[in-house]
Amino acid sequence: MITYKKMAGLLTASGLTLALGACSSAAAEPFDIKWGETECVVCNMKIMDEQFAAEAIMDNGKGYAFDDIGCLMRDWYPEQTEEDIAAMYVKDYNTKEWVDLEEGAFVYDKMSKTPMAYNIVSFAKAADAEAYVDENGGTVMDLDDLKSHSWERGEMKQHKKMHTDDDNKMSDSDSSEGHGQ
């Protein structure tokens, strides 16, 4: 027979478990980027283009925003301890919805124009990545491929024009230096 005290204890424990579960999953959810205001944690450029943004959320709830998946994977990710990363997200090229980096499909296309010219386009579905390759060329990649990718940058002309037209804060020397290379 379950007494009133035992029932109250079970309900309290269940509620606490649900509350903790909700907190831990909420901490790893994508956070809002203020487009044109939030700066990439690596290159300090304002994040302008929803198609190429990326985020990382740590176990402690701290979040980092990036204007290009290359800033995330080439410069930030190798400096981190994987156990401290709760989740990483990229924007789907077509829908501009957040996609868990581990579930995404990626295309390396030298001719694509990404903010920092790493030329990687992200998709939620492998079929969309393959359709992009059929139409534009490039190579479909997964997360393991990204981890071993060379991350050489392409032409920065589009990026320089985008930022100099918007706020005149970037000089020619700034654009060629990018991530402190």
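What follows is a working chat about the predicted model shown above.

Me: Start with the sheet. What order do the strands take in the open sheet of four?
Reply: The order is S2-S1-S3-S4, and the pairing is antiparallel. This is a predicted model, so read it that way.

Me: Which strands are at the edges?
Reply: Strand S2 (63–66) and strand S4 (98–100). Each pairs on one side only.

Me: What is the average twist from one strand to the next?
Reply: It averages 25°.

Me: Which helix packs on that sheet?
Reply: Helix H2, residues 69–76. H2 touches strand S1 (54–58), S2 and S3. Its direction makes about 50° with that of S1.

Me: What holds paired strands together in general?
Reply: Strands of a sheet pair through backbone hydrogen bonds, either parallel or antiparallel.

Me: Is Cys43 buried or exposed? And Cys71?
Reply: Cys43 is buried, with a relative accessible area of 10%. Cys71 is buried too, at 0%.

Me: Now helix H3. Which of its residues are buried?
Reply: Ala129, Tyr132 and Val133, in a helix that runs 126–136. They cover an arc of only 100° around the axis, which puts them on the same side of H3.

Me: What covers them?
Reply: The cover includes strand S5 (105–108), strand S6 (120–123) and strand S7 (139–141).

Me: And what does the face turned away from the buried side carry?
Reply: The exposed residues Ala127, Asp134 and Glu135.

Me: What happens just after H3?
Reply: Gly137 takes a positive phi of about 90°.

Me: Which non-glycine residues have a positive phi?
Reply: Among them are Ala117, at about 60°, and Trp151, near 55°. Most residues other than glycine have a negative phi.

Me: Where does Ala117 lie?
Reply: In the loop between S5 and S6. Ala117 counts as buried, at 1% relative accessibility.

Me: And where is Trp151?
Reply: In the loop between helix H4 (143–148) and helix H5 (157–167). Trp151 is buried as well, with a relative accessible area of 5%.

Me: Last one, Phe52. Where is Phe52 found?
Reply: In the loop between helix H1 (4–27) and S1. At 9% relative accessibility, Phe52 counts as buried.

Me: What is Phe52 in contact with, leaving aside its neighbours within four places in sequence?
Reply: Asp67, Asp68 and Ile69, then Tyr93.

Me: How many residues apart are Phe52 and Val90 in sequence?
Reply: They are 38 residues apart. In space they are 7.1 Å apart, C-alpha to C-alpha.

Definitions and conventions
Residues are numbered from 1 along each chain as its sequence is written. This is a predicted model: local features need pLDDT of at least 70, side-chain atom pairs count only at pLDDT 80 or more; totals for chains, interfaces and linings use all residues. Side-chain values use heavy atoms; hydrogens and water are left out. Buried means under 20% relative accessible area, exposed over 50%, partly exposed in between (1.4 Å probe, protein chains only). Helices (H or I, at least four residues) and strands (E, at least two) are DSSP runs, numbered from the N terminus. The arc is that of the directions from the helix axis to the C-beta atoms. Contact means heavy atoms within 4.5 Å. Two strands pair if DSSP finds at least two bridges between them. Axes are lines fitted to C-alpha atoms, for helices over the stretch in contact, and angles run from 0 to 180 degrees between N-to-C directions.
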